Amino acid sequence: MKSKLCLSFWQRQLLGVCHPYAVQKMNVASQGQGSNYNFLNQGKSAFGDGRHDMTQSNISFLRETYEFELLRAPMSEPEVSSRPHDWNEIRCGAVGVKLGSYPLFYKNGKRTLATLVQLLDTEVVDVSPFVNRSSLNFFFKKLNQNEKYYTVTVGCRNISPEWLTATQMEIFSKNGICCKEKLTGFVCTENAVMPPGTKITASHFVAGQVVNVWGRSLDRGFQGPMKRWNFRGMPATHGTTKSRRAHGAMSSTGLGRVLPGKRAAGQMGDKLVYKPLSRILRINTKYNVLYIQGLLPGLDGNFLSIRDTRHSKYVAKKTGISSLPFPTCLDTEDNLFDDYYAEDIYNFDDDAIVYQTEQT
């Protein structure tokens, strides 16, 4: 049974939603419309109504202590050294929160839609060797069996430990990391491994880069065949009764059974949707927001996983990107601008008309 959770204003602040646009968009996702709270303890707090050994003042004290002393306390950054990038290396990905869509314009005047994804409190939680070394798994992931790979677990958006069980807290307490609401594992090469606690910002990617994005689609519940599979339906007149939106016959009389994969009524949505070769059009380093081309799956407030496409070596020839930050961008404070645009995206801060004097 899928749990649902409604967040109040102070709970959203406790989760670390700092972007004002994200606070506005979280009101949509916090209504329990299929949100991805997969690491919550069934949507129940440890300080719920069933606790009789703690007063309300004790609960308030514990929440304020965790919010002000742990979440906002400066943590020591792990030592990560930058190395030259190689296109054969597999970098770590990132996890972000979907904020909504926003229009952007190309320099030729054409309009396109971009999805805003904010990397909110995104950091490395754990690193472990890649265990599943079966030949089939290496074939689908296009990995080399002679090389050594690691699974880098990345977390997104801080959350109070009251929503987690003792088993779920082990991965965070092992490395002293703040509790995260979403965890995703990325397979990386040995040179691209980052220690736990390394923050992943929007500067981890480059404007104009092509990435792969995946997330859970919108949960539409149990739907009929006309909405789920775009069936035409039965005739609306000439004696049709109680079957105008039905799917018709299931199979022939001689088959005697329904074949697997038969298109019929059932659960629609809430599935993992993989969208490859999505281009990053704009990067905002102040709020760690990525503007990814196209409409991405999920509600506003759901989580999206982003990583470099395996075809980056070939796509880089068309985009003109010579290298990527490896293993991640470490000089985040040295950014000269708050926004970085792709070469073919128009920046409204630039001059639209430039006058030049003619030389006679």
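A search of the whole structure, which is a predicted model, finds 0 disulfides. Two cysteines illustrate this result: the sulfur of Cys 92 has its closest cysteine sulfur in Cys 188, at 4.4 Å, which is too far for a bond, because a disulfide requires the two sulfur atoms to lie within 2.5 Å. The relation holds in the other direction as well, since the closest cysteine sulfur to that of Cys 188 is the one in Cys 92, at 4.4 Å. Cys 92 is buried, with a relative accessible area of 1%, and Cys 188 is also buried, at 0% relative accessibility.

The C-alpha atom of Arg 91 is separated by 7.1 Å from that of Thr 189, although the two residues are 98 residues apart along the chain.

Strand β5 (180–189) is mostly covered, with 9 of its 10 residues buried. Strand β4 (residues 149–158) pairs with β5 in the antiparallel sense over 9 bridges, and within this pairing Val 152 stands opposite Phe 186 in β5.

**Pairings of strand β9**

Strand β9 (272–284) pairs with β6 in the antiparallel sense over 6 bridges, with Trp 214 standing opposite Tyr 274 in β9. A further antiparallel pairing, over 4 bridges, joins β9 to strand β10 (residues 289–293), where Ile 292 in β10 is the bridge partner of Ile 280. These two strands, β9 and β10, form a hairpin with 4 residues between them, and in the turn Asn 288 has a positive phi of about 55°. Strand β12 (residues 339–341) runs antiparallel to β9 and is joined to it by 3 bridges; here the bridge partner of Asn 284 is Asp 339 in β12.

**A pocket and a cavity**

The second largest pocket holds about 530 Å³ of space. Of the 20 residues that line this pocket, the closest to its centre are Lys 141, Asn 212, Tyr 274, Arg 307 and Arg 310. Two or more lining residues come from each of α4 (135–141), β5 (180–189), β6 (210–216), β9 (272–284) and β11 (303–308). The lining of the second largest pocket divides into 9 nonpolar, 6 polar and 5 charged residues.

The count of cavities of 30 Å³ or more comes to 1, and the largest cavity has a volume of about 70 Å³. Its lining is formed by Trp 87, Gln 209, Val 210, Ser 312, Val 315, Ala 316, Thr 319, Ile 321 and Leu 324. Helix α7 (residues 312–319) gives the most to the lining of the largest cavity, with 4 residues. By class, the lining of this cavity has 6 nonpolar and 3 polar residues, and no charged residues.

**Backbone features in loops**

The peptide bond from Phe 326 to Pro 327 is cis, with omega near -5°, and Pro 327 is found in the loop between α7 and β12. Asp 121 and His 238 each have a positive phi although neither is a glycine.

Notes: Residues numbered from 1 in each chain as written. Predicted model: local features only at pLDDT ≥ 70, side-chain atom pairs only at ≥ 80, totals over all residues. Heavy atoms only, no water. 1 Å grid on protein atoms, 1.4 Å probe; cavity = no way out; pocket = protein on both sides within 12 Å on 5 of 7 lines; lining within 4 Å. Points joined across faces, edges and corners; volume = space filled by probe spheres on them. Nonpolar A, V, L, I, M, F, W, Y, C, P; charged D, E, K, R; others polar. Buried < 20%, exposed > 50% of the residue type's maximum accessible area, 1.4 Å probe, protein only. Pairing = 2+ DSSP bridges.
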